[in-house]
Amino acid sequence: MHLNILTPRPLKAAIAILATAAMTFTGCDNYVDITPTGVITMDSASQYLELVAFPQRSYYPSAFAMLSDNAWIKESTVIGHESQTYDGINTTFNEQADRNELADNNLYENCYAYILRENIVISQADNSIGDSKTKSLAKAEARIMRAWDHFVAVNTFAKAYDPSTAATDGGVPIVDSYDLEGTPTKATVDQVYNFIIGEVEASLPYLEEKPLTAYHPSKAFGYAFAALVYLFHHDYDKALEAANSSLALNNSLVDYVALKAAGGPTKDKRYAKGGNPEVLNYAFQGSPTENLTYTYGMISPELVRLYGDNDLRLSLFFKTKGNSSYFFDEGSGAALWNASITYSKFFYSTVGLRTAEVYLIKAEAEARLGNIAASTTTLNTLRAKRIEGDGAVLSQPATEQEAVENVITERRKELLFGFHRFWDLKRLNTEPAYQKTILRTFPLVDTTTPQQTYTLSPNSNLYIIPFPKAVREKNPNLTPNRW
């Protein structure tokens, strides 16, 4: 059963969302009428279309940021907090700690607040004043973003999709209508994926190639998201078809080799803010003006070694030396995002989709379908824009598994921060051929704290982030998910 909303909310929550939307519009007087009593009214289809856009969309990763072999952290943040904070628990892979008392920085609540906003558009657009095309577009944009938010929630707070268990694995609530009084039960992982796929397929025909603004979902984003969903759903033929459709609309890649020649991202600012042609949807892991130095912008010594000497994804954007000691432990072998590279100089999308990810989805689907040569060519198209010299060109592997592993490695190096590696580890751990047991030796610099090697097994329950305490208290139907 598809029930209605996360938790009972007062009506003022919906009004607050509409008020926030009103403040983000260009020329508020043209879009929103405010009555003498201060009530915001939504009358036209164009207003509902505008409501879909949300420049401040964010998904903060504190609950899972350190559950990854890509991530590293300043040691003093963890030492003494190994059982008390997500950073401490996750860095030391502490399965005995109680995570149920911790907050997740509102990621869950943000997902469902955005879904509430999207449901307002879907439920009310047909009753508004305006042409049918605008109403259909508003609903389609809202539906695909509603699918996106369900995708974020299910892949964070439930097991990864596994065809053999998804029908019984606990998922997240499906919130497909606007009801402030509902207390939903969880759907299964399979039901959530079926809902997401249905929403995506229903929305795609109506999305525009060039939407109203960059904050509206484009058709290229729609196909890219479809490719991502199909990949996670193990539908590799459909993933490849959708990836090709997205790249037919936008195949842009920033040439890091040329960027280096132009002085790097602090000198060549063409890709600042809205100027990065790879970005398919605008979302942030911090604030819309985020500086990744301050929001889990450190990568592990293992990942640093994986890049090698000529990979510009490391040398252009990270510093292994000369970082502020407030954020970084010199000598750890880790690397920190260069503090001088901000949103106003280079927009590095961390939790949204980019064309680079679409190339990687395409390459993985090709490898999974046995077309090793095509997969290698696709990877080399991306690598040529990222790596200097002959090392950019991969030779063709002998087996399908080697080809898939090449893609996995490239995903690690390209899709930094946000959800990417965390989700990849979860989904790949459902397949024996690609499972990984992570070993983390910590600390590396502090000599006063005994060094230990911690282990994260492929089926660790740490990979399922608990529902936040405040949400569980309001809705007892949200029982814990288990691996």
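This is a predicted model: local features need pLDDT of at least 70, side-chain atom pairs count only at pLDDT 80 or more; totals for chains, interfaces and linings use all residues.
Helix 13 covers residues 372-383 and helix 14 covers residues 400-414, and their axes come within 10 Å of each other, crossing at roughly 20°. Because angles under 35 degrees count as roughly parallel, helix 13 is described as roughly parallel to helix 14.

Let me turn now to the strands, starting with strand 6, residues 438-442, in which Ile438, Arg440 and Phe442 lie on the covered face, whereas Leu439 and Thr441 lie on the uncovered one. As a general point, side chains in a regular strand alternate between the two faces of the sheet. Strand 6 pairs with strand 7, residues 452-456, in the antiparallel sense and over five bridges, and within that pairing arginine 440 has tyrosine 454 of strand 7 as its bridge partner.

Finally, there is an open sheet of three strands, with the order 3-5-4 and antiparallel pairing. Strand 3, at 298-299, and strand 4, at 318-319, are the edge strands, each of them pairing on one side only. Strand 4 is joined to strand 5, residues 335-337, by two bridges, and these strands run antiparallel; here phenylalanine 318 stands opposite tryptophan 337 of strand 5.

Technical notes
Residues are numbered from 1 along each chain as its sequence is written. Side-chain values use heavy atoms; hydrogens and water are left out. Axes are lines fitted to C-alpha atoms, for helices over the stretch in contact, and angles run from 0 to 180 degrees between N-to-C directions. Helices (H or I, at least four residues) and strands (E, at least two) are DSSP runs, numbered from the N terminus. Angles under 35 degrees count as roughly parallel, over 145 as roughly antiparallel, 65 to 115 as roughly perpendicular and the rest as oblique. Buried means under 20% relative accessible area, exposed over 50%, partly exposed in between (1.4 Å probe, protein chains only). Two strands pair if DSSP finds at least two bridges between them.
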